Amino acid sequence: MTDQELWGKVCSDRNLKLAWNRVKENKGSPGVDSITLEEFEKNLENNLNLLQKELETGNFKPLPVLRFYLNKEDGTSRPIGIPPVRDRVVQQALHSVLSPIFEEDFLDCSFAYRPGRSALKAIDKVEALINEGTKWVLDGDIEKFFDTIDHDLLLSFVSGRVSDDSILKLIRKFLKTGFFDNMSIHEEYSGITQGSAISPLLANIYLHNFDVEINVRALKI
């Protein structure tokens, strides 16, 4: 599929309608524009047509995400962002086109945020490896991973598989959209928003080379 065909698929009527259906299924609260799922659906055809025109002309501009905080067991809090419904539709449309491309590259040992995979299936995999005689386990965590992702490095990873400028510009717009918190709009210089439809895929793209390197090093031990 050419770059032009790829971008056309992102903006297609069918893809945007499927994206809306997925956003509706996931439910969720309104973003900074206070437009609910029900309100968006009342004028669905016009709203999707407007998004399509804005995407095709390059005039689409995401709104800042609405930030709130989830308390963690260790006493700290995790920032979560709620994009407006319109932006969630576009993110889902983008995700639907990009996910199959990068799924071809992701390793079999990667389980997070992937179709047909889950934490429970990861546990099953670990148990199977133990039963096969595996003796070593590496337990680690990347501190503040989502908050510290380098935008330029992430885009370089994306462009390694997708060279379409329209898609890369759209991803950058989402990365730079900023967030609304404590009655103020804040700019984003690094990190990706937890809570958006596209973030899990971007996170896996960012970690893929790390996964590859860990596997290579593990085989050398």
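What follows is a conversation about a predicted model of one protein chain.

Visitor: What is the secondary structure of the protein chain?
Guide: The protein chain has ten helices and four strands. Along the sequence the pattern reads α-α-α-α-β-β-α-α-α-α-α-β-β-α.

Visitor: How do you know that the radius of gyration agrees with a compact globule?
Guide: A compact globule of 221 residues would have a radius of gyration near 17 Å. The protein chain has 19 Å, which agrees. The C-alpha atoms fill a box of roughly 60 × 45 × 30 Å along the principal axes.

Visitor: What share of the residues counts as buried?
Guide: Of the 221 residues, 37% count as buried. The accessible surface of the chain comes to about 13,700 Å². Carbon and sulfur atoms hold 52% of that surface.

Visitor: What share of the contacts comes from residues 24 or more positions apart?
Guide: Take the contacts with a separation of 6 or more. Residues 24 or more positions apart account for 71% of them.

Visitor: Which residues of the largest nonpolar core touch the most other members?
Guide: They are Val-89, Phe-102, Leu-154, Val-158, Ile-167, Ile-171 and Leu-202. The core has 44 residues. Its largest share, nine residues, comes from α5. Leaving aside residues up to four places away in sequence, Val-89 touches Leu-16, Ala-19, Trp-20, Val-23, Phe-40, Leu-48 and Leu-51.

Visitor: Why is the pair Arg-86 and Asp-87 called a salt bridge?
Guide: The cut-off is 4 Å, from a side-chain nitrogen of Lys or Arg to a carboxyl oxygen of Asp or Glu. Arg-86 and Asp-87 have N and O at 2.9 Å, so the pair qualifies. Glu-54 is linked with Arg-86 and Asp-87 in a network of salt bridges. The structure holds eleven salt bridges.

Visitor: Are Arg-86 and Asp-87 buried or exposed?
Guide: Both are buried. That label requires a relative accessible area under 20%.

Visitor: What makes Arg-161 and Glu-104 a salt bridge?
Guide: Their N to O distance is 3.2 Å. The limit is 4 Å, so the pair counts. The two residues are 57 residues apart, and the pair links distant parts of the chain. Arg-161 lies in the loop between α8 (151-159) and α9 (165-175). Glu-104 lies in the loop between α5 (85-103) and α6 (119-131).

Visitor: Which residue forms a salt bridge with Asp-152?
Guide: Arg-172 does, with the closest N and O atoms 3.2 Å apart. Arg-172 lies in helix α9 and Asp-152 in helix α8, so the pair ties together parts that are 20 residues apart in sequence. Arg-172 is partly exposed, at 33% relative accessible area.

Visitor: Where are Lys-27 and Lys-144 found?
Guide: Lys-27 is in the loop between α2 (13-26) and α3 (37-42). Lys-144 is in the loop between α6 and α7 (145-148).

Visitor: Why are Lys-27 and Lys-144 called exposed?
Guide: The label requires over 50% relative accessible area. Lys-27 has 61%, so it is exposed. Lys-144 has 55%, so Lys-144 is exposed too.

Visitor: Which residues make the nonpolar surface patch of about 390 Å²?
Guide: Leu-138, Ile-142, Phe-210 and Ile-214 make it. Ile-214 is in helix α10 (residues 199-220).

Visitor: How do you know that Ile-214 can belong to a patch?
Guide: Patch residues need over 30% relative accessible area. Ile-214 has 32%, so it passes that cut-off.

Visitor: What makes Thr-193 buried?
Guide: Its relative accessibility is 16%, and buried means under 20%, so Thr-193 counts as buried. Thr-193 is in the loop between β4 (184-186) and α10. Not counting residues up to four places away in sequence, Thr-193 touches Val-65, Gly-81, Glu-188 and Ser-199.

How values were computed: Residues are numbered from 1 along each chain as its sequence is written. This is a predicted model: local features need pLDDT of at least 70, side-chain atom pairs count only at pLDDT 80 or more; totals for chains, interfaces and linings use all residues. Side-chain values use heavy atoms; hydrogens and water are left out. Buried means under 20% relative accessible area, exposed over 50%, partly exposed in between (1.4 Å probe, protein chains only). Patches are made of residues with over 30% relative accessible area and no salt bridge: like charges are joined within 9 Å, nonpolar side chains (Val, Leu, Ile, Met, Phe, Trp, Tyr) within 5 Å. Accessible areas come from the Shrake-Rupley method with a 1.4 Å probe; for residues, only the protein chains shown count as cover. Contact means heavy atoms within 4.5 Å. The radius of gyration is taken over C-alpha atoms; the globule rule is 2.2 Å times the number of residues to the power 0.38. A nonpolar core is a set of buried Ala, Val, Leu, Ile, Met, Phe, Trp, Tyr and Cys residues joined through side-chain atoms within 4.5 Å.
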